[in-house]
Amino acid sequence: MKIEIKSLKKKFNGNFVLKDISLTIEKNKSTIILGQSGCGKSVLIKTIYQLFNFDNGTILYDGKSQVDIDKFSMLFQYGALFDSLKISENIAFTDFINNKTNFEKKVISLMNDVGLDKSIYHRYPSEISGGMKKRVGLARALYKNPKVIFLDEPTTGLDPINSDKINDLILKVITKRKITAVTITHDIKSAIKTGDHYYFINKGIIEDKGDCKKILKTKNKIFKTFITGANF
């Protein structure tokens, strides 16, 4: 799915968080949204996901203003797993809450795709590591075969080794499944490794954009300062 955003504005309590955002999320590509906390990147993602309304501008999904949000999925920053549910039930949550029980084969296949051993199928989130929780979250996000996946700080809370593993996994999954990916992150290494295109948001506007492989060659002074202070 291709998503085109033009002159998007969003305000809360009379203050614009998104002041004038125009960008394109290319189909089957990985787009990275970078920026300091509070710059508007999370609001942007939630607006694209139609969790928020917007005040001005347009969002087109494959050229249309309406979209079935069941085509979207989200990997939340800290996994957002349900502690009272087993790993299998977390992954198959959309079927589990509808009392469907024939999801074992699909869950095990997804566990294999994200590098999880089926031995944890009946375990609970408290019984697995942080890295495993991220993988479970990713498997859950993939369960409904989305056209677009949003990844919220996918390497937050992980050590460098596990961060690299998650980055490799994200690359593998979005390439294999031909998914459009949108990632918000502070992690410059992750952006360079997993992204095709980037947009840097500063104070509600697009301050810089370009090819992820050329991030370190940016001539934008504000973005350079961000990179210096970011995780790189």
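## Close-up views of a predicted protein model

**Figure 1. The whole protein at a glance.** With 232 residues, a compact globule would have a radius of gyration near 17 Å, and the protein agrees with this at 18 Å (taken over C-alpha atoms; the globule rule is 2.2 Å times the number of residues to the power 0.38). This is a predicted model, in which local features need pLDDT of at least 70, side-chain atom pairs count only at pLDDT 80 or more, and totals for chains, interfaces and linings use all residues. Residues are numbered from 1 along each chain as its sequence is written, and side-chain values use heavy atoms, with hydrogens and water left out. Along the principal axes, the C-alpha atoms fill a box of roughly 50 × 40 × 35 Å. You will find eight helices and nine strands here (DSSP runs numbered from the N terminus: helices are H or I with at least four residues, strands are E with at least two).

Figure 2. Of the 232 residues, 47% are buried (buried means under 20% relative accessible area, exposed over 50%, partly exposed in between, with a 1.4 Å probe and protein chains only). Among contacts between residues at least 6 apart in sequence, 67% join residues at least 24 apart (contact means heavy atoms within 4.5 Å).

Figure 3. Side chains of opposite charge can pair when their charged atoms come close. The structure holds four salt bridges (a side-chain nitrogen of Lys or Arg within 4 Å of a carboxyl oxygen of Asp or Glu). In one of them, Lys100 meets Asp95, at 3.9 Å from N to O. Lys100 is partly exposed, with a relative accessible area of 45%, while Asp95 counts as buried at 18%.

**Figure 4. Asp113 meets Lys176.** Here the side chains of Asp113 and Lys176 form a salt bridge, 3.2 Å from N to O. Asp113 lies in helix H4 (residues 104-113) and Lys176 in helix H6 (residues 160-177), so this pair ties together parts that are 63 residues apart in sequence. Asp113 is buried, at 10% relative accessibility, whereas Lys176 is exposed, at 56%.

Figure 5. Arg177 lies in helix H6 and Asp113 in helix H4, so the pair ties together parts that are 64 residues apart in sequence. Arg177 is partly exposed, with a relative accessible area of 29%. Put together, Asp113, Lys176 and Arg177 are linked in a network of salt bridges.
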